[in-house]
Amino acid sequence: RAGHLAIAIQASSRVMVSLLTEEDLRRFPQPEQPLFSAPVERSLSFATTLSVGGTYYVILDNRRGEVPSRVSLSIRSDAATAGGPASPGATAPSTESVPPRPSRLRRVPQTHDM
């Protein structure tokens, strides 16, 4: 099922950001087909549609950094379309007894020193 993902990053110094599938995570730091990869100079935002179910990884890479970088990361996601499971193997609840829910879009801000 398709899902939408929006990511916003702010960094105090240059870091690389990559969005990877589980398969490409195993190949890191040389993924074959990253879903997204770009340097973050001060701030960067991007959005994508994930058309295949699975686990995805956001990698913040500061291996070439000469100084520590303070990073703030905000992720918003709508993991599954209405009426379907959020992940493979999950079961959707019966719609007969479940009241309407608010949007599944959520924001998870995090700040880390790298």
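1. Buried denotes under 20% relative accessible area, exposed over 50%, and partly exposed in between, computed with a 1.4 Å probe on protein chains only. At 59% relative accessibility, Glu32 therefore counts as exposed.

2. The model is predicted: local features need pLDDT of at least 70, side-chain atom pairs count only at pLDDT 80 or more, and totals for chains, interfaces and linings use all residues. Residues are numbered from 1 along each chain as its sequence is written, and side-chain values use heavy atoms, without hydrogens and water.

3. Five salt bridges are found in the whole structure (a side-chain nitrogen of Lys or Arg within 4 Å of a carboxyl oxygen of Asp or Glu). Glu32 is bridged to Arg27, with the closest N and O atoms 3.3 Å apart; Arg27 is partly exposed at 29%.

4. A further bridge joins Arg63 and Asp61 at 2.6 Å, N to O. Arg63 is exposed at 57%, whereas Asp61 is buried at 15%. Elsewhere, shared partners join Glu23, Asp24, Arg27 and Glu32 into one salt-bridge network.

5. The structure holds one aromatic pair (ring centres of Phe, Tyr or the six-membered ring of Trp within 6.5 Å; stacked under 30 degrees between planes, edge-to-face over 60, the rest tilted). The ring centres of Phe36 and Phe46 lie 3.8 Å apart with planes at 10°, so the pair is stacked. Phe36 is partly exposed at 23%, and Phe46 is buried at 11%.

6. Phe28 and Pro29 are joined by a cis peptide bond, with omega about 20°. Most peptide bonds are trans.
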